[in-house]
Amino acid sequence: MDEILKKYRWQSRGYDADRPAFVFPRIILGPANYLNSSFMNACNITHIMNCAEDQVCPPVAKSIVGSKYKCINAIDHPLYPILERHYSEFEKAMDGFLRDP
């Protein structure tokens, strides 16, 4: 999987330096440090899929989206095989989020 993703990461400066990516209408990828009320309101964020550990998501972000928050509790480390271990859980939650605007 790393070989497939490598071609997309060549410009990355790391999760803490890269800005959120608007990868698809209604889907933004980015680090939790952007999840403040100003950014969330400006981007109309209504759901959060936390692909890291629960404690990395700011409490204010969780309170804004309420029950539209899902955490898969993957280890937040660049070498962790997140897709291999959590893709089915991620896919199920994303399908649900995309059906619930």
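User: Quick one on His-86: buried or exposed?

Analyst: His-86 counts as buried, because its relative accessibility is 11% and the cut-off for buried is under 20%. Keep in mind that this is a predicted model.

User: Where is His-86 found?

Analyst: In helix H4, which covers residues 82-99.

User: And what is His-86 in contact with, leaving aside its neighbours within four places in sequence?

Analyst: Ile-72, Asn-73, Ala-74 and Tyr-80.

User: New topic. Which residues make up the largest nonpolar core?

Analyst: That core has ten residues. They are Leu-35, Phe-39, Met-40, Ile-45, Ile-48, Cys-57, Ala-61, Val-65, Tyr-69 and Cys-71.

User: Which helices and strands each supply at least two residues of this core?

Analyst: Three elements do: helix H2 (37-42), helix H3 (59-65) and strand E4 (69-71).

User: What about a second, separate core? How many residues does that have?

Analyst: Eight, including Ile-27, Met-49, Ile-72 and Phe-97.

User: Back to Ile-48. What does Ile-48 touch, not counting residues up to four places away in sequence?

Analyst: Ile-48 touches Leu-35, Met-40, Cys-57, Ala-61, Val-65, Lys-68, Tyr-69, Lys-70 and Phe-97. One of these, Phe-97, belongs to the second core.

User: Now Pro-59. Where is that found?

Analyst: In helix H3.

User: Is Pro-59 buried or exposed, and why?

Analyst: Pro-59 counts as exposed, because its relative accessibility is 66% and the cut-off for exposed is over 50%.

User: What separates the C-alpha atoms of Pro-59 and Leu-35?

Analyst: A distance of 9.4 Å. Along the chain, the two residues are 24 residues apart.

Conventions:
Residues numbered from 1 in each chain as written. Predicted model: local features only at pLDDT ≥ 70, side-chain atom pairs only at ≥ 80, totals over all residues. Heavy atoms only, no water. Core = buried A, V, L, I, M, F, W, Y, C linked by side-chain atoms within 4.5 Å. Buried < 20%, exposed > 50% of the residue type's maximum accessible area, 1.4 Å probe, protein only. Helix = DSSP H or I, 4+ residues; strand = E, 2+ residues; numbered from the N terminus. Contact = heavy atoms within 4.5 Å.
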